Amino acid sequence: MLVGALASFLTLGAGPARAASGGHVSTIDAATHRMTVTDHGRTVMTFSVGFGKSGFRTPSGTFHVLGKDAVVKMTSCSAHITCDPGSPDYYVLTVHWAVRLTSAGVFVHAAPWDHAVGRADTSHGCIHLSTADARRFYDFSRTGDTVIVENTGSHAVHQSGP
């Protein structure tokens with residue numbers, strides 16, 4: 001019993017726990033501005049999405065959901081972009097239905113202010129959805145789910161925000 005308890009303690013201390021994805025895989029394609037969500041290979045949702053603008057490109061790669069928050073306060077200062085309120089890249093936002101993909105701050109989240117979702121890239125690195133679509137994705141997602149981001153033109157993970 002002591003060995004099992006010690007193994008559990010060491011496993012928990014080894015890094016963030018990840019649950020098995022159980023067949024959930026989402027593919028997000030910057031070339032088409034589309035997200036396809038599958039469950040055991042069957043498409044269950046498709047959404048229009050937006051990505052990071054020039055200078056703040058969303059990284060391409062295979063990610064796993066690290067966690068979810070129904071409400072997150074995101075700021076350009078905490079994302080290490082700018083703390084200057086006079087900068088055009090300054091922001092302080094309350095964001096809903098946030099699904100975290102990286103520890104550096106890349107999320108899939110609702111962006112009701114972004115009227116170009118599906119057509120243009122306006123974020124500081126995050127993946128934007130409509131509020132209704134973000135809620136559906138948030139409710140479906142589980143820690144450990146696979147999210148594949150393609151065709152963004154960036155592979156380097158950088159500090160990013162909404």
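Colleague: Let's start with V117. Is V117 buried or exposed?

Modeller: This is a predicted model, so everything here is computed from it. Relative accessibility tells you how much of a residue is open to its surroundings, and buried means under 20%. V117 comes out at 17%, so it counts as buried.

Colleague: Where does V117 lie?

Modeller: It's in a loop, the one between β7 (107–110) and β8 (127–129).

Colleague: And which residues is V117 in contact with, leaving aside its neighbours within four places in sequence?

Modeller: S48, V49, G50, H128 and L129. Take S48: it sits 69 residues away from V117 along the chain, yet their C-alpha atoms are separated by 6.3 Å.

Colleague: How do I read the way strands pair up? In what sense do β1 and β2 pair?

Modeller: Look for bridges between them. β1 and β2 are antiparallel, with six bridges. One of the pairs is D29 with R34 of β2. The two strands make a hairpin with four residues between them, and H33 in that turn has a positive phi of about 55 degrees.

Colleague: How many bridges join β2 to β3?

Modeller: Six, and these two strands run antiparallel. Here R34 faces S48 of β3.

Colleague: Next, the core. Why look for nonpolar side chains in one place?

Modeller: Because in soluble globular proteins, nonpolar side chains tend to be buried together. In this model the largest nonpolar core has 24 residues, and those with the most contacts inside it are I28, M35, L101, V108, I127, L129 and F137. At least two residues each come from β2 (34–39), β3 (42–48), β6 (92–100), β7, β8, α2 (131–140) and β9 (146–150). The element giving the most is α2, with four residues.

Colleague: Which residues is I127 in contact with, leaving aside its neighbours within four places in sequence?

Modeller: Among them are I28, V49, L101, V108 and V149, along with G50, F51 and T58. There's also a second, separate core of eight residues, including V72, M74, Y91 and A98.

Colleague: What about cysteines? How many disulfides does the count come to?

Modeller: The count is one disulfide. C77 and C83 form the link, with their sulfur atoms 1.9 Å apart. The angle about the S-S bond is 80 degrees, and the link is right-handed.

Colleague: How does accessibility class C77?

Modeller: C77 counts as partly exposed, at 33% relative accessibility.

Conventions
Residues numbered from 1 in each chain as written. Predicted model: local features only at pLDDT ≥ 70, side-chain atom pairs only at ≥ 80, totals over all residues. Heavy atoms only, no water. Buried < 20%, exposed > 50% of the residue type's maximum accessible area, 1.4 Å probe, protein only. Contact = heavy atoms within 4.5 Å. Core = buried A, V, L, I, M, F, W, Y, C linked by side-chain atoms within 4.5 Å. Disulfide = S-S within 2.5 Å. Pairing = 2+ DSSP bridges.
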